[in-house]
Amino acid sequence: MGCLIPAKTEGLLVCEKGISVTNLVNGTTRLQPVVLLTGQAVGVLAALSIKGEGDPRDVPVRFLQQELLDDSCYLLPYCDVDRSDPAWKAVQRVGLTGILRGLGRPRDWSNQTLFQPDSILAADSFRTTVLQYDPAVRLDLVPAGQPVTWPYLSRLIAQVSPDAGSDQARYNQAKGLLKARDLEPGRPLTKKEIAVLLDRFCLAWILRDVDMNGRPLEEEEP
């Protein structure tokens with residue numbers, strides 16, 4: 001969002017090839033899919049600013065992102081999770097946190113970003129990205145290479161979403177999203193399943209306020 005709003009000029013938003021980027025990324029941000037998406041973002045940002053009679057800088061980043069998702073705009077260019085997938089919004093929202101990340105690969109003259117929805121994630125790798133997003137979280141250490149399972153993810157949910165209730169209550173709710181056999185203690189969860197569960201149980205944590213550079217906003221003193 002910061003690259004769309006000039007640092008000093010008021011009342012102006014930029015998009016397409018006019019956004020603020022370094023020469024390191026200019027080769028990718030000039031491409032048509034990106035310039036189209038920046039145009040969509042600027043249009044929604046301008047509308048929200050006018051509607052709220054405020055400065056674009058005052059529009060919460062997460063609010064803008066959610067408005068774009070509700071309009072079926074891609075925020076992350078995952079080419080293997082289509083908008084028709086019921087998990088699309090969950091994958092996009094969790095992907096924005098960096099907890100679950102895509103994989104870039106070259107293809108002909110262009111690049112692709114894969115979410116790899118059916119892949120299995122090692123718990124130690126997952127723990128690393130969770131701590132990068134929120135250093136206050138305390139997750140049990142597990143042997144290297146062991147996959148993320150429901151009991152492991154449930155412990156994270158209990159920390160960041162106390163309202164999710166007891167172990168049994170979380171399990172009962174999770175069964176409404178996945179099949180009971182998918183939640184068996186020894187069964188690895190796929191990346192898409194992790195995204196769906198985090199989005200269901202930890203939405204407030206996932207959508208916590210960030211600044212225009214994606215950094216968490218400091219909470220105000222009571």
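Me: What should I keep in mind about the model and the numbering?
Reply: The model is predicted, so local features need pLDDT of at least 70 and side-chain atom pairs count only at pLDDT 80 or more, while totals for chains, interfaces and linings use all residues. Residues are numbered from 1 along each chain as its sequence is written, and side-chain values use heavy atoms, with hydrogens and water left out.

Me: At what angle do α6 and α7 cross?
Reply: The axes of α6 (residues 150-160) and α7 (residues 167-174) cross at roughly 115 degrees and come within 11 Å; axes are lines fitted to C-alpha atoms, for helices over the stretch in contact, with angles from 0 to 180 degrees between N-to-C directions. That makes α6 roughly perpendicular to α7 (65 to 115 degrees).

Me: Which residues meet there?
Reply: W150, S154, I157 and A158 in α6 meet D167, R170, Y171 and A174 in α7, where contact means heavy atoms within 4.5 Å. The residues of this contact divide into five nonpolar, one polar and two charged.

Me: Switching to α8, how is α6 oriented to it?
Reply: The axes of α6 and α8 (residues 191-201) come within 11 Å and cross at roughly 25 degrees, which makes α6 roughly parallel to α8 (under 35 degrees).

Me: And which residues make that contact?
Reply: From α6 there are W150, L153, L156 and I157, and from α8 there are I194, L197, L198 and F201. The residues of the contact of α6 with α8 divide into eight nonpolar, no polar and no charged.

Terms used:
Helix = DSSP H or I, 4+ residues; strand = E, 2+ residues; numbered from the N terminus. Parallel < 35°, antiparallel > 145°, perpendicular 65-115°, else oblique. Nonpolar A, V, L, I, M, F, W, Y, C, P; charged D, E, K, R; others polar.
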